[in-house]
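Reader: Hi! I've got a new structure open on my screen. Could you walk me through it?

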Amino acid sequence: DAGIWSVDAGGLAINANAVSDCANGGILVHRRQIGEDSTLVSGNRIARIGARNGGTGQNGNGINVFRAGGVLVSNNIVSDCAFSAI
């Protein structure tokens, strides 16, 4: 479904990965409840991300940050996503 999926992390570094050909999402940084996460998403190459499960935008994104505060997304190359890059 997703290349990398983080749930309720704290200070995670997601750096220098190649993520491609995923069914529903590239790199996902999620929290079950709104809160500080402080994950860094940097220097990744993300391509060809689909939205197999459909929806209105929860699937098909290169990088998706949901309910996670303090997340830094920088210097990523994102292409060919069903919905948005970030």
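Author: Happy to! This is a predicted model, and along the sequence the protein reads β-β-β-β-β-β-β-β-β. The radius of gyration is 12 Å, close to the 12 Å that the globule rule gives for 86 residues, so the protein is as compact as a globular protein of that length.

Reader: Nice. How many helices and strands does the secondary structure come to?

Author: Zero helices and nine strands.

Reader: And which strands make up the open sheet?

Author: That open sheet has three strands in the order β1-β4-β7, with parallel pairing. β1 (2–7) and β7 are at the edges with a single partner strand each, so one side of each has no neighbour in the sheet. On average, neighbouring strands are turned by 10° against each other, direction ignored.

Reader: Over how many bridges do β4 and β7 pair?

Author: Seven, in the parallel sense. Isoleucine 27 stands opposite isoleucine 63 in β7.

Reader: Switching topic: which residues form the largest nonpolar core?

Author: There are eleven: Ile14, Val19, Cys22, Ile27, Val29, Val41, Ile46, Ile49, Ile63, Ala68 and Cys81. The elements giving two or more residues to this core are β3 (18–22), β4 (25–36), β6 (45–49) and β7 (61–69).

Reader: I'm curious about that cysteine. What is cysteine 81 in contact with, leaving aside neighbours within four places in sequence?

Author: Cysteine 81 is in contact with Ile49, Gly60, Asn61 and Gly62.

Reader: Last one: how much of the protein counts as buried?

Author: Of its 86 residues, 36%. The protein exposes about 4600 Å², with carbon and sulfur atoms supplying 49% of that.

Definitions and conventions. Residues numbered from 1 in each chain as written. Predicted model: local features only at pLDDT ≥ 70, side-chain atom pairs only at ≥ 80, totals over all residues. Heavy atoms only, no water. Core = buried A, V, L, I, M, F, W, Y, C linked by side-chain atoms within 4.5 Å. Buried < 20%, exposed > 50% of the residue type's maximum accessible area, 1.4 Å probe, protein only. Helix = DSSP H or I, 4+ residues; strand = E, 2+ residues; numbered from the N terminus. Contact = heavy atoms within 4.5 Å. Pairing = 2+ DSSP bridges. Axes fitted to C-alpha atoms, helices over the stretch in contact; angles between N-to-C directions. Rg over C-alpha atoms; globule rule 2.2 N^0.38 Å. Areas by Shrake-Rupley, 256 points an atom, 1.4 Å probe, with all protein chains shown as cover.
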